[in-house]
Amino acid sequence: MKIIIKGMASKSIILEEFVKEEKMKSVSVFHFLEEKKIPIASSCIGRGLCKKCIINKNILSCQITLKEMNLISKIIEIDYL
């Protein structure tokens, strides 16, 4: 499946990448962003405690897998990028 990361501040596509189905099911958006070296706010390192890793206006990136996110939106939007 295709993952698209968009920076809302820059109004540009940060990353477009195809990801295998197995990875989509098991990896959180937060950890995917970290793996790709895309900055994401967090002080709890993805444990859902600090509530800073917000994407698409109201979703905690550490609490949703890539597959779940893909069902909600085909684009992952990060406000400050």
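Ile45 counts as exposed, because its relative accessibility is 57% (buried is under 20% relative accessible area, exposed over 50% and partly exposed in between, with a 1.4 Å probe and protein chains only). The residue is placed in the loop between helix 2 and strand 3, and its phi is near 60°, a positive value in a residue other than glycine. Here helices (H or I, at least four residues) and strands (E, at least two) are DSSP runs, numbered from the N terminus.

Lys37 is found in the loop between helix 2 (29-35) and strand 3 (54-55), and its phi, near 65°, is likewise positive in a residue other than glycine. With a relative accessibility of 73%, Lys37 counts as exposed.

## Basis of the model

This is a predicted model, in which local features need pLDDT of at least 70 and side-chain atom pairs count only at pLDDT 80 or more, whereas totals for chains, interfaces and linings use all residues. Residues are numbered from 1 along each chain as its sequence is written, and side-chain values use heavy atoms, with hydrogens and water left out.

Lys2 stands opposite Phe18 in strand 2. The hairpin has 4 residues between its strands, and Lys11 takes a positive phi near 55° in it.

## The cavity and its lining

The structure holds 1 cavity of 30 Å³ or more, and about 30 Å³ of space lies in the largest cavity. A cavity is a set of points on a 1 Å grid over the protein atoms alone where a 1.4 Å probe fits but cannot get out, and lining residues have an atom within 4 Å of a point; grid points are joined across faces, edges and corners, and the volume is the space filled by probe spheres set on the points.

Strand 1 (2-7), helix 3 (66-72) and strand 5 (75-78) each supply at least two residues of this lining, which includes Lys2, Leu66, Asn70 and Ile76. The lining residues divide into 6 nonpolar, 2 polar and 2 charged (Ala, Val, Leu, Ile, Met, Phe, Trp, Tyr, Cys and Pro count as nonpolar, Asp, Glu, Lys and Arg as charged, and the others, Gly among them, as polar).

## Asn70 in helix 3

Asn70 lies in helix 3 and is buried, with a relative accessible area of 7%. Not counting residues up to four places away in sequence, Asn70 touches Met1, Lys2 and Met24, contact meaning heavy atoms within 4.5 Å.

Technical notes: On a 1 Å grid over the protein atoms alone, a cavity is a set of points where a 1.4 Å probe fits but cannot get out, and a pocket is an open set with protein on both sides within 12 Å along at least five of seven lines; lining residues have an atom within 4 Å of a point. Two strands pair if DSSP finds at least two bridges between them.
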